[in-house]
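Here is a quick tour of a model, written for someone who likes to know the cut-offs. Have the viewer open and follow along.

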Amino acid sequence: MDLNALLRELFFPGILLAIPVAWFFLWIERKVSAVVQQRIGPPFMQPFWDFIKLLGKTPPTRRGLHGALMKLWPLLSTASMIGAIGLLPVATRTSGFAGDLILLIALLEIPAICLILAGFTSRSLFGQIGSSREAVMSVSYSVVFMAALISLAASQHTFNLPDLANAPMTPMRWLAIIAIVICIPAKLHLNPFSMPKAEQEIYAGPLTEYAGAELALWELAHGLEWVAMSGLVASLVIPHTTSLGLDLALYAAVSLALVILLSSAAAATARLTMGLSVRFFWRFGLAMAVLALASELLARIKP
Amino acid sequence: MNTLLFVLKSLMGGVVTLRLPKTVPTQPTFRGQVQLDKDLCIGCGRCAAACATKVIEVKRDRENKDIYRWSYDAAQCTFCGRCKDACNKFHALSMQTHRPPVYTAIGSLKQEYVMIRKRPETAAPKAAAAGSES
Amino acid sequence: MKFFKSLICKARQKSPWLFHMNSGSCNGCDIEIIACLSPRYDVEQAGIHLEASPRHADIICVTGPVTRNAAEAVRTVYGQVCHPKAVVAIGSCPASCNVFAESPFVSGPLNSQIPVDVFVPGCPPRPDAIIEGIAKAAQILSEREARETEVNA
């Protein structure tokens, strides 16, 4: 069992698969925005070349705790994302353990916390503004995200991911999944909710002071977040079929469609203000999530 | 709904980008680097007086009053064309119709000519011929 | 290791990230840089990306004659960019101060403040000239060895 888990982290949904897919999704994100703007867009290998080039840069030397922390945050967020991807019930519906949904929620929350801490660690003014924006945003979207996931868990009386993925689709389950999809742009700092990283407005937000390999890891973590979030939604949406190949194909198709949908939404919309987006999450997102949660809990009481 | 329509319209619109190594052709009236016709120039210095950035210099030699030096550097030029307009009598100046090249060292676009001063009468017939052609 | 080094050199040419620095320009050259990013010219097809922070950038595009107030800022930004880096002077102003030459409020052409690699002539230069200049700077970058860091934090 331990060996199996290690293999999952390292090879199949883990590092070996997730990193190329993360680069692919980053390329899709840029390409879709280019196509919406009637441009050609970056070449296929662009995120890979960006990553390699950033590894070749010489970042400024920082000593002591400051330097160590600046290196720690991108590493931690990349590692937690790889861990989250390893937990996803791709292809196998038997893996996982009781309560792995709680671990998944925790791992998905770590990059946001790392970004907040990174902004404050960098001692840059723009980093601090970005971090405080990210903190406010994460408070508003995390409530929706967790309520939606808890409603899914409450309907099946379990915190086991494969069991949740196998559960039958009900209207309330769709509602919860839509609430999760609404949270993804905020979690990934995509356009209607891109205030924390607001390019040109507060320079690069919390990442203003990052350079070289650390920045490359942040980019990679962003791509891995794409993989993890779209993978989570895909594993909840797709029906469980008997053939493994069909399962995998459906999984890839749903995550790709989600990435294209969210990227084109990001390319077509403008950045909201802080107040508007927080209000949006507390009104619509929370309403949806609470509706789903309440109905699941009431359904539990009835019989 | 508007957003959706916008996205669909953009997707239908196709790509308007030029593939990169391709350059855009310039108009025939494009104002590029200034070029001097050595045979027509008489060294009157009107171009230097008209130049907005003082990049055209016409300097007479200290010892020999008949020799003068005409210099121009595209690095400081605003490509306004006032020098060409000022040279309306002898038409010694012209402007290239393509853009100046990218360079890596200061002064690599500099043009400098040392010429012998001509009397206006000897230069005038040529200029008239050039004027009738153009 | 040698393979990795050659890979990095290739990557430098394939993904030059820009930082755009206005040192008292009239905005003519700035608008032409924006034109490069527009759908018509779309520098992203060559991997060129405009970055907001100088820490992320490889190539600094400077426009404008370096005014007295901007000289300090230009030197700071040059120090903030990590090695290897290249500087592109866009337009006639950074190359020679253009019409502002010999003004008491201008601290000389750009190469009296920081080393400049590529000059793009024009007032303002055409977008394809700017793209050619950036491509040349990227080529210079890929041939340049990473030196010791001299970044003032």
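In what order do the elements of chain A run from the N terminus on? They go α-α-α-α-α-α-α-α-α-α-α, and the count for chain A is 11 helices and zero strands. Chain A is as compact as a globular protein of its length, because its radius of gyration is 19 Å, close to the 19 Å that the globule rule gives for 303 residues. That radius is taken over C-alpha atoms, and the rule is 2.2 Å times the number of residues to the power 0.38.

## Ground rules

This is a predicted model, where local features need pLDDT of at least 70 and side-chain atom pairs count only at pLDDT 80 or more, while totals for chains, interfaces and linings use all residues. Residues are numbered from 1 along each chain as its sequence is written, with chains lettered from A and ligands numbered from 1 in the order in which they are written.

Helices (H or I, at least four residues) and strands (E, at least two) are DSSP runs, numbered from the N terminus.

## Chain A

The C-alpha trace of chain A spans about 60 × 45 × 45 Å along its principal axes. Buried residues (20 or more other C-beta atoms within 10 Å of their own, with C-beta atoms placed from the backbone) make up 52% of the 303 residues in chain A.

Helix H6 of chain A covers residues 125-156, and at 1.5 Å a residue its 32 residues should span 46 Å, which agrees with end C-alpha atoms 46 Å apart. The expected span uses 1.5 Å times one less than the number of residues. H6(A) also has a kink of about 25°, centred on Tyr141(A); the bend is the angle between axes fitted to the seven residues ending there and the seven starting there. After H6(A) comes His157(A), with a positive phi near 60°.

## The sheet in chain C

Chain C has an open sheet of five strands in parallel pairing, ordered E2-E1-E3-E4-E5. Strands pair if DSSP finds at least two bridges between them. E2 (49-50) and E5 (118-120) of chain C are at the edges with a single partner strand each, so one side of each is left without a neighbour in the sheet. E3 (residues 59-63) and E4 (residues 86-90) of chain C pair over five bridges, and Val62(C) stands opposite Ala89(C) in E4(C).

## Where A meets C

The contact (C-beta atoms, placed from the backbone, within 7 Å) takes 30 residues from chain A and 21 residues from chain C. H3(A) gives the most to the chain A side, with six residues.

Terms used:
A residue is buried if 20 or more other C-beta atoms lie within 10 Å of its own, exposed if 12 or fewer, and partly exposed in between; C-beta atoms are placed from the backbone. Two residues are in contact if their C-beta atoms, placed from the backbone, lie within 7 Å.
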